Amino acid sequence: MTSNEFLSSVMSFQEEAFDRKGFDEHIRNILREPKKVVEVSFPVRLRNNEIRVFKGFRVLHSNFLGPGKGGIRYAPYVNLQEIIALAMLMTWKNALHRLPYGGAKGGVIVNPRSLEEWEIENLTRAFTRAISEHIGSNKDISAPDINTDEKIMAWIADEYSNIKGTFDPAVVTGKPVNFYGIEGRKESTGYGAGMVLEYFLKKYLKKSKPRIAVQGFGNAGYYFSKYLVSKGYDIYAISDSTAGIKSENGIDIEHAKKYKDERRYFKDCSRGDLCYIIGNGEYQIIDNEELIKMDADVLVLAATENQITKNNADEVKAKLIVEIANGPVTYEADKILKEKGVVILPDLLVNGGGVVVSYFEWLQNREWKRWGREKVMKKLYEHMINTSKQVYEYSLKHNMDLRTASYDLSLNYLWDVAKYRI
Ligand code: NAD
């Protein structure tokens, strides 16, 4: 599936929401197009004095609710259609979570694994210079996403502040805690998703020990797993882009993280004691497709978009799907899964913990204050449960699935604000 199809999938969910609500056509027409698309090419000095030209994007889909907000990803497959789709999803997500932000997203076409750290810094600073006119703490605020982290956010904040001649750390969130970041941001997406799953498990799966499989053991997948293990659940399988590990004894999450931090891929987990430790005494290497089809009660999608499509939706055995990644289930697959009675906890709701804590960081920066970890976690929990409750109750009241309820609630709020702005 191409990114074009990803965009049309996101647009289909959006169009359906407009069809149901029947609001003024102006808002539908406005939200069909991104408000601003910035495409930049910029030179970066690399090792051996090579100067390579990179391409990057920053897309502002909508600023009805406030400044744009959305992450920046670094990956070789990044393309404009994908970034537009992701910016669009951010508009809906921010509206659902009642945050004062519009939707935005950015990306650079690069394989960061081929670069050394100082080269990534050069690239980040050059990208920041190239888009500096289009970002700002009241205009468009970035955050980490695939292959970008707190260090990269610190370089963006520093470069931007140098350009503007005024220190403005709130131009990005997800910064290091000691560099105007906030306690708990790193964990927030995974923990927030864990909180949402806990809330809905009680409603939809009355099993005390559900079998949980996690596709994508990166930042969000790891913290999600850690949260659930801390609550007494077991994770039966995890995967990265190369392969997965499955164990009937449950996965030892901390050893799996240690293994990944040493920059090894799960596909190489075929020798040595560490793999037995990860699998608590046993393990099996499985491929990515196998994980999607495995005999699990809960399938967590924490890798990337388009993982369940019309081609494999029929083979999913899980009863509950948790969308931590943005757009991991396509529009067509969503219909097939619904037919099969699979409950989907949608991306708009599930992965909102990251942007919620980003909002706390932004507030903290604007007041030059520091929040403690306890306050952040308490407020994150209250926020995720409150939003989950609203979605659940709306879905019951209107007899609809949770994705449809999420889009409807977002659109109600978007419309309440947008009607004064068009
Ligand atoms: P990450 O780069 O830390 O981790 C992604 C993981 O997925 C990596 O381990 C990678 O190897 C794996 N992966 C990639 N393709 C795969 C495949 N086909 N099968 C199995 N594994 C695969 O990224 P992240 O920050 O954890 O983000 C993961 C997803 O969550 C993305 O879709 C991102 O947009 C979304 N998300 C992240 C945040 C956040 O705060 N990090 C917030 C909201 C949404």
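These questions and answers cover a predicted model.

Q: Why is Gly106 called buried?
A: Buried means under 20% relative accessible area. Gly106 has a relative accessible area of 0%, so Gly106 is buried. Gly106 is found in strand E5, residues 102-109.

Q: How do you know which residues Gly106 touches?
A: Contact means heavy atoms within 4.5 Å. Leaving out residues up to four places away in sequence, Gly106 touches Phe57, Arg58, Gly71, Ile72, Arg73 and Ile83.

Q: What makes Cys269 and Cys275 a disulfide?
A: The sulfur atoms must lie within 2.5 Å. Those of Cys269 and Cys275 are 2.2 Å apart, and the two form a disulfide. The count by this rule is one disulfide. Cys269 and Cys275 are both buried.

Q: Why is the disulfide of Cys269 and Cys275 called left-handed?
A: The torsion about its S-S bond is about -130 degrees, so the disulfide is left-handed.

Q: What makes Lys175 and Glu361 a salt bridge?
A: The rule asks for a side-chain nitrogen of Lys or Arg within 4 Å of a carboxyl oxygen of Asp or Glu. Lys175 and Glu361 meet at 2.7 Å, N to O, in a salt bridge. Across the interface of domain 1 and domain 2, the rule finds two salt bridges.

Q: How do you know how much area domain 1 and domain 2 bury between them?
A: Buried area is the accessible area lost on putting two parts together, summed over both. For domain 1 and domain 2 this comes to about 3,800 Å², with 61% of it on carbon and sulfur atoms. In domain 1, Phe64, Trp92 and Leu96 lose the most area to domain 2.

Terms used. Residues numbered from 1 in each chain as written. Predicted model: local features only at pLDDT ≥ 70, side-chain atom pairs only at ≥ 80, totals over all residues. Heavy atoms only, no water. Helix = DSSP H or I, 4+ residues; strand = E, 2+ residues; numbered from the N terminus. Buried < 20%, exposed > 50% of the residue type's maximum accessible area, 1.4 Å probe, protein only. Buried area = accessible area lost by both parts, 1.4 Å probe.
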